[in-house]
Amino acid sequence: MTRALELARQARDRGEVPVGAIVVHEGAVIGEGFNQPISLADPSAHAEMQAIRMAARRLDNYRLLDATVYVTLEPCAMCAGAMVHARIKRLVYGAADPKTGATGSVFNLVQTERLNHRLEVEGGVMKKECGELLKDFFRKRR
């Protein structure tokens, strides 16, 4: 999560919402990313999507079996759906997102029995640090 926070700060420094993510497979970081939808003019350029894309390229496989995603903010529906499709094994996130969180806060796409894959989820890891980064960012923008 420490590396994900470093990436979130990179997003903040570029004027993006400070969210960072990494993908770990067999003990190694194989993907990382931070929010870039504004700078890339791409609504899908969330931190998780960037990290998942990099990991898939590195493994040369769209399935990321046995991988863990660490992200500073609870994923949205788009990112949660991508994790299900990629067959991510585990998700670890920092701050909950009570407005758009799709892994338990608003709805839970990654553990619904309606889909054919479910992730293990652990929330609240370094939640204070992750939450403060977001609060400070939005406080300065208002």
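Start by selecting helices α1 (residues 2–13) and α4 (127–141): they pack at an angle of about 5°, with their axes 11 Å apart, and are therefore roughly parallel to each other. Roughly parallel here means an angle under 35 degrees, with over 145 counting as roughly antiparallel, 65 to 115 as roughly perpendicular and the rest as oblique. Axes are lines fitted to C-alpha atoms, for helices over the stretch in contact, and angles run from 0 to 180 degrees between N-to-C directions.

Now show the side chains between them. L5, A8, R9 and R12 of α1 meet E129, C130, L133 and F137 of α4, where contact means heavy atoms within 4.5 Å. This group divides into five nonpolar, no polar and three charged residues; Ala, Val, Leu, Ile, Met, Phe, Trp, Tyr, Cys and Pro count as nonpolar, Asp, Glu, Lys and Arg as charged, and the others, Gly among them, as polar.

A word on what you are viewing: this is a predicted model, in which local features need pLDDT of at least 70 and side-chain atom pairs count only at pLDDT 80 or more, while totals for chains, interfaces and linings use all residues. Residues are numbered from 1 along each chain as its sequence is written, and side-chain values use heavy atoms, leaving out hydrogens and water.

Next, follow α4 to the sheet: the helix lies across β3 and β4 (90–95), at about 60° to β4. Helices (H or I, at least four residues) and strands (E, at least two) are DSSP runs, numbered from the N terminus.

Color the five strands of this open sheet, and you can trace the order β2-β1-β3-β4-β5, with mixed pairing. Strands pair if DSSP finds at least two bridges between them. β2 (28–34) and β5 (120–122) are at the edges with a single partner strand each, so one side of each has no neighbour in the sheet. Zoom in on β1 (residues 20–25) and β3 (residues 67–73), which run antiparallel and are joined by five bridges. There, V23 stands opposite V69 of β3.

Select V29 in β2 next. Beyond its neighbours within four places in sequence, V29 is in contact with I22, V23, V24 and R58. Its relative accessibility is 41%, so V29 counts as partly exposed, the class between buried (under 20% relative accessible area) and exposed (over 50%), using a 1.4 Å probe and protein chains only.

Finish at helix α2. Its buried residues, including M49 and I52, pack against β1, β2, β3 and α3 (77–86). Just after α2, look for D60, with a positive phi of about 55°.
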